[in-house]
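Colleague: I have a new model open and want to learn how to read it. Can we go through it step by step?

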Amino acid sequence: MRAFLAAILILPIAAPAVSETEQERADRCAAQTEIVLQAVEMRQKRRSEERTKNAILDTTDEGLAPSVPLLVGFVYTLHRSDLKRDVSGSFLEQCNAYKQ
């Protein structure tokens, strides 16, 4: 759970500085959750953190690119046993609950 709290604390860095609507937040959270999901999958395949970042950056929209290193880094701080849990689902729930 400490890791999920850490992820929430980095959201202001990864999120736009201006207030966003509920729909914008939902869209951003969904996109960031996809990044987390990809990172979990690649980590489970024992890919390096750097290789994972580069692969995800290649397929990520430019607007979300700054959040990729943070989100991938978050996934790589988790214990491997935590990857068996619903990391992306928990991230999405926490992201949607966060209010700026």
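Colleague: How many disulfides does the count come to?

Modeller: Keep in mind that this model is predicted. The count comes to 1 disulfide. Cys29 and Cys95 are joined, S to S 2.0 Å. That is within the 2.5 Å cut-off for a pair of cysteine sulfur atoms.

Colleague: Which parts does the pair tie together?

Modeller: Cys29 sits in helix α2 and Cys95 in helix α5, so the link ties parts 66 residues apart in sequence. The angle about the S-S bond is -80°, and the link is left-handed.

Colleague: Is Cys29 buried or exposed?

Modeller: Cys29 has 0% relative accessibility, so it counts as buried. Cys95 is buried too, with a relative accessible area of 0%.

Colleague: Now the helix. Which residues of α5 are buried?

Modeller: General idea first. An α-helix has 3.6 residues a turn, so residues three or four places apart point the same way. Now the case here. In α5, the buried residues are Val87, Ser88, Phe91 and Cys95. They fall within an arc of 90° seen down the axis of α5, so they line one face. The face turned away from the buried side carries exposed Glu93 and Ala97.

Colleague: Which residues have the most contacts inside the largest nonpolar core?

Modeller: In soluble globular proteins, nonpolar side chains tend to be buried together. Here the largest nonpolar core has 19 residues, and Val36, Ile56 and Val75 have the most contacts inside it. Helices α2, α4 and α5 each supply at least two residues of this core.

Colleague: What does Val36 touch, leaving out residues up to four places away in sequence?

Modeller: Val36 touches Leu71, Val75, Val87, Ser88 and Phe91. Of these, Val87, Ser88 and Phe91 are buried residues of α5.

Notes: Residues numbered from 1 in each chain as written. Predicted model: local features only at pLDDT ≥ 70, side-chain atom pairs only at ≥ 80, totals over all residues. Heavy atoms only, no water. Core = buried A, V, L, I, M, F, W, Y, C linked by side-chain atoms within 4.5 Å. Buried < 20%, exposed > 50% of the residue type's maximum accessible area, 1.4 Å probe, protein only. Helix = DSSP H or I, 4+ residues; strand = E, 2+ residues; numbered from the N terminus. Contact = heavy atoms within 4.5 Å. Arc of directions from axis to C-beta.
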